[in-house]
Structure formats: C-alpha cells, structure tokens
Amino acid sequence: YKIPVSLLSTYIPIDDPSKFQLWHRGKEVALISANATEIIFYGKKNDGASDGLLFRPGPEAKPNAYFSLFSDNGSYILTNSATGKRAGNIDGTSWSGNPEPYHFQKIIKTFSNQFAFGTLTTDPTPLNNSFYEKQNSWVGNTLKGPGSTSSNNVDNAFQFTNWVNDASEMPSLEATIIGMNYGNHSLSLSVGKTADDSEHSSLSSLSFSGIDTRKVIINNIPSSRINSSGGIFRIKSVSPIFETNDWTALAYYLITYPQLTDMAVGNAAYFNFKSSALPVHLGITNAPTDVMVYDISDIDTPSAISGNLVTGTYHAAIPRSSN
C-alpha cells in the first residue's frame, strides 16, 4: 500500500520521515519505505485472528482461521514519535543451479450464507451463551441427509492454473464442517473431474453427532480424480433415511497444489515454498521488467529481495530456515 504524505492529517508531523511508525495488532510493522512524499508498507485485510479472543475455552476454538466474523477491513495505526522500523534487504544475486520447479498455490474458499448457531433444538438448554464456541462460524447452505426432500450432496468446483503434476507432491484438501442440528451426521467426501457420480467414490468419511465441528484433511489426491483445470469437491450425506436431523454445513475448504512459479497469472502473485534449511533459488518466469519481490514470511517484517532478471525470468537466492 502507498500513502501520499500530502493526505495525512495536519496533526501528524511530517518534518522527519524517519520517525514514521506503523502498528498492527500491537506490533510495529516495518515500513518498506518512508520519505517526505510517500509511505509504502505491506498490509493485509482482517483475517479474523482477533475474533479468537471472543471464543471459549480460547482462540484455538475458532473453527475458521481464514474468515472474520465481522469485517474484512484491516486497521493500521500510523504514528510519528520515534525512529521507526524499516524493511530489510536480501541480496539474492548470488543464485546458482536450477530454480525450484514449483511452489505451492493455495485455494481458499470461505462461506457466509448463514451463521451456525446452536439454538435450533428442542433441548432445554440451547447454546445461548454470550461467548463463541467451536461450532459458531459463518457457513454455506445447509446439507441435509437422504431423509430430506432436498439434495443430499453439495458440489464445489475449483480451478487450477499452471498445475505441476508431480507424483511426489499431489494436491491436498482441508475442510471444516459444522453440525447444524441435534442428529447423527455421516458424510462422504470425494473429488472428481466432473460432477458425474461415477467419478466420486469416497476419499474420506466423517461421522459425528450434534452441533459440533470437524476438520478433515485429504492428502495426495490421485491424479485420476482431477485434471489440469481443476475438479469438483463433493460432500455427500450417507445417513440412513430415518436420520432426519442430519444437517451440516461447510465453513471453508483449502486446496493446496504444486504450481509453476509464473507471473503470467496477473500483476501480483504469492509464492509459497516449503520450509527447509537450504536457500530457495527463486525463478519467476514472465516477470515484468519493473518487478519487485518481497519476503513476507513474517508479514510485520518484510524484506526486499534483489535478484537478476534474465530473459524474462527473475532469479534470486533467498535464505530460509527450518519451520
């Protein structure tokens, strides 16, 4: 983000840009640059992490780490009183060997069709607490079991861009599902190239009861279930027909897959590499001549990376440490 100094309040002194400080959730954020003309920093929208303070027994009970309960707006505080923190610089010009063949792209889909309360019940003690619990989240439409007149499966289409089909690193899927009624829930999870039933034998199953939350992780989705453009993630209720209270809903799903490190996808891109004690040889193909690259492993302390642009590919060596 770029803030023209001319737009700042007249109450903020601007005579010494070295004293500009930026704060986010109680931590100082390193400014990428600050001078008499503009302030540049890396910021992000509200991911809802602070919502965890409203959950019991603690923040770990929040079922969806990728979505705010209230607002996407992130809040940053700019002050001017002491020497401010500034972004570091990484000299990545001493690269060698072949670049990493791919990075790991993330597809995150969150839902906000309805809010999952624990009050839809004849139980004498419904969950009308003033705090949030693990079953409270924004979710998608209700999926009901075979005993209902509505469809007993939900399909979610996802798309790949520049997928690298590497047998040693197949796509993975994570999903959180919330029980929406006081019944027994039995679900089958599958991935297929299309919505054709013949392509959707179960990759994982899930059974639980009541208004509760479950996370499912499916690693190494077979290449036979997906194609270069993506596929269909399906959740299907397989409860007995008499189980009329099998109501569930999907809070989010996350798909991670190997992707070419290529900027042809747009003007900006995020590249995610595995942790390792060895440096990354970054090779960004289709990089523009004015490309700027930053290490945002720690979003509050970004570092500018210098490299070499060679026939449209930006090369840089980036140090990293385990975990």
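# Strands and contacts in a predicted model

Me: Start with N153. Which residues does N153 touch, leaving out those up to four places away in sequence?
Reply: N153 touches L143, R234, I235 and K236. Bear in mind that this is a predicted model.

Me: Where is N153 found?
Reply: In strand β12, which covers residues 153–159.

Me: Buried, exposed or partly exposed?
Reply: N153 is partly exposed. The relative accessible area is 25%. Buried would need under 20% and exposed over 50%, so 25% falls in between.

Me: And L187, how far is that from N153?
Reply: Their C-alpha atoms are separated by 9.2 Å. Along the chain, N153 and L187 are 34 residues apart.

Me: Zoom out. How many helices and strands does the protein have?
Reply: Zero helices and 23 strands.

Me: What box do the C-alpha atoms fill?
Reply: Roughly 70 × 50 × 30 Å, taken along the principal axes.

Me: What share of the residues is buried?
Reply: 41% of the 323 residues count as buried. The protein exposes about 17,100 Å². Carbon and sulfur atoms supply 51% of that area.

Me: What share of the contacts with a separation of 6 or more comes from residues 24 or more positions apart?
Reply: 76%. W95 and A317 are 222 residues apart in sequence, yet 4.8 Å apart in space, C-alpha to C-alpha.

Me: Where does W95 lie?
Reply: In the loop between β7 (88–91) and β8 (103–110). W95 is partly exposed, with a relative accessible area of 28%.

Me: What else does W95 touch, besides A317?
Reply: Not counting residues up to four places away in sequence, W95 also touches H281, N308, V310, H315 and A316.

Me: H281 points which way from β19?
Reply: H281 and G283 point one way from β19, while V280, L282 and I284 point the other way. All of these are buried. That makes five of the five residues in β19 (280–284), and the strand is mostly covered.

Me: Which strand does β19 pair with over five bridges?
Reply: Strand β23, residues 313–318, in the antiparallel sense.

Me: New topic, the open sheets. What is the order of the one with β2?
Reply: β3-β2-β6, three strands with antiparallel pairing. Strands of a sheet pair through backbone hydrogen bonds.

Me: Why is one side of β3 and of β6 left without a neighbour in that sheet?
Reply: β3 (27–29) and β6 (77–80) stand at the edges, and each has a single partner strand, so one side of each has no neighbour in the sheet. Neighbouring strands here are turned by 40° against each other on average, direction ignored.

Me: How many bridges between β2 and β6?
Reply: Four, with β2 taking in residues 20–24. L22 stands opposite L78 in β6.

Me: What about the open sheet with β1, what order?
Reply: β1-β5-β4, three strands, antiparallel pairing. The edge strands are β1 (2–4) and β4 (33–34), and each pairs on one side only.

Me: How many bridges link β1 and β5?
Reply: Three, in the antiparallel sense, with β5 at residues 38–40. P4 stands opposite E38 in β5.

Me: Last one, charges. How far apart are the mean positions of the positive and negative ones?
Reply: 3 Å, for 22 positive and 27 negative charges.

Conventions: Residues are numbered from 1 along each chain as its sequence is written. This is a predicted model: local features need pLDDT of at least 70, side-chain atom pairs count only at pLDDT 80 or more; totals for chains, interfaces and linings use all residues. Side-chain values use heavy atoms; hydrogens and water are left out. Two strands pair if DSSP finds at least two bridges between them. Helices (H or I, at least four residues) and strands (E, at least two) are DSSP runs, numbered from the N terminus. Axes are lines fitted to C-alpha atoms, for helices over the stretch in contact, and angles run from 0 to 180 degrees between N-to-C directions. Buried means under 20% relative accessible area, exposed over 50%, partly exposed in between (1.4 Å probe, protein chains only). Contact means heavy atoms within 4.5 Å. Accessible areas come from the Shrake-Rupley method with a 1.4 Å probe; for residues, only the protein chains shown count as cover. Lys and Arg count as positive and Asp and Glu as negative; His and the chain ends are not counted. The place of a charge is taken as NZ of Lys, CZ of Arg, CG of Asp or CD of Glu.
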